[in-house]
Amino acid sequence: MIDAHAEESVTMIAARVIEPHYGEDMADLPDWMRPPREEGWFAEDLDRLPEAPRHTELIDGALVFMMAPQRSWHARVITRLTVTLEGQAPAGIEVDREMTIRLDARNRPEADIVASSASFDPDRTWFEPDDVLLVVEVVSPESTFRDRTVKLRKYAAAGIGHYWLVEDEAVGPVVHVYELDEPTKSYVATGVFRDSLHVTVPFEIDIDLAKLMP
């Protein structure tokens, strides 16, 4: 088993992190990659970085760039889960893919799928945690550490009620379901689903997991 420190090191190889401090290693960076202030980047800065690659996130004031190519498995699961959740969501709940959530001034991670109570806004670039009912992260090799630990803790601390982790296992996509424990602002694991998934919160959801893959 890979320990947390080793796993984090593997993650940093694939995800380029620009830390919020200045030093000799900053000299060769293009101007847009230089932190705008000593404290690093703030959540609103992501909307002012048109040169940044797609899927750039902000974690603890540091920019995180996705450097590894996306796998077809990852893209396929996100697409089919999004379509399935859209089809089952009741009126008043919107389902979006690959959108950021402004957790606080220094954290704006991008979720693979978001189910929210916010009305559709064609110009929206991020969600408030209070509007988010469910976050789904489809785990990829470069995001494993962040999805299983960093984002799990941060989404819970922000009060997001439901969190799913979708893992790639030999049997196919496996969904680990978590629900927020309000008093502790931490997630409690409520089930591991293979073959099929049925939950009643945040709304009634039935998914044939085998059909997420060809």
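Start by selecting Glu 167 and Arg 148, which form a salt bridge with the closest N and O atoms 3.0 Å apart. (A salt bridge here is a side-chain nitrogen of Lys or Arg within 4 Å of a carboxyl oxygen of Asp or Glu.) This pair links distant parts of the chain, with Glu 167 in strand β8 (residues 162-169) and Arg 148 in helix α3, 19 residues apart. Helices (H or I, at least four residues) and strands (E, at least two) are DSSP runs, numbered from the N terminus. Glu 167 counts as buried at 11% relative accessibility, while Arg 148 is partly exposed, with a relative accessible area of 39%. (Buried means under 20% relative accessible area, exposed over 50%, and partly exposed in between, with a 1.4 Å probe and protein chains only.)

Before moving on, a word about what is on your screen. This is a predicted model, in which local features need pLDDT of at least 70 and side-chain atom pairs count only at pLDDT 80 or more, while totals for chains, interfaces and linings use all residues. Residues are numbered from 1 along each chain as its sequence is written, and side-chain values use heavy atoms, with hydrogens and water left out.

**Zoom out to the whole chain**

Show the protein chain as a cartoon and you will find 3 helices and 12 strands. Of its 214 residues, 47% count as buried. Now colour by pLDDT, the predictor's confidence in each residue, from 0 to 100. The mean for the protein chain is 89, and 87% of the residues reach 70 or more. Select residues 1-14 next: pLDDT stays under 50 there, and the model has 15 contacts beyond four places in sequence for this stretch. (Contact means heavy atoms within 4.5 Å.) Where pLDDT is low, the predicted coordinates should not be read in detail.

**Select Lys 151**

Which helix holds Lys 151? Lys 151 lies in helix α3, and it is buried, with a relative accessible area of 5%. Side chains of opposite charge can pair when their charged atoms come close. Glu 137 lies in strand β7 (residues 132-138) and Lys 151 in helix α3 (residues 144-157), so the pair ties together parts that are 14 residues apart in sequence. Glu 137 is buried too, with a relative accessible area of 1%.

Asp 147 is buried, at a relative accessible area of 2%.

Stay with Lys 151 and look for its polar contacts. (A polar contact is a pair of N or O atoms within 3.5 Å; within protein, one must be able to donate a hydrogen and the other to accept it, and residues adjacent in sequence count only if both atoms are side-chain atoms.) The side chain of Lys 151 makes one with the side chain of Glu 57 (2.7 Å). A polar atom of the Lys 151 side chain also lies 2.9 Å from the backbone oxygen of Glu 110. Leaving aside neighbours within four places in sequence, the residues in contact with Lys 151 include Pro 109, Arg 146 and Tyr 163.

**Move to Thr 100**

Thr 100 is found in strand β4 (residues 94-101). Is Thr 100 buried or exposed? Thr 100 is buried, with a relative accessible area of 6%. Its side chain reaches the backbone oxygen of Thr 125 at 2.8 Å. Beyond residues up to four places away in sequence, Thr 100 touches Arg 108, Pro 109, Glu 110, Thr 125, Trp 126 and Phe 127.

**Finish at the largest pocket**

The largest pocket has a volume of about 410 Å³. To find it, select Met 66, Gln 70, His 74, Ser 140 and Glu 142, the closest to its centre of the 21 residues that line it. (On a 1 Å grid over the protein atoms alone, a pocket is an open set of points where a 1.4 Å probe fits, with protein on both sides within 12 Å along at least five of seven lines, and lining residues have an atom within 4 Å of a point.) Helix α3 returns here, giving the largest share of the lining, 3 residues.

Methods: Points joined across faces, edges and corners; volume = space filled by probe spheres on them.
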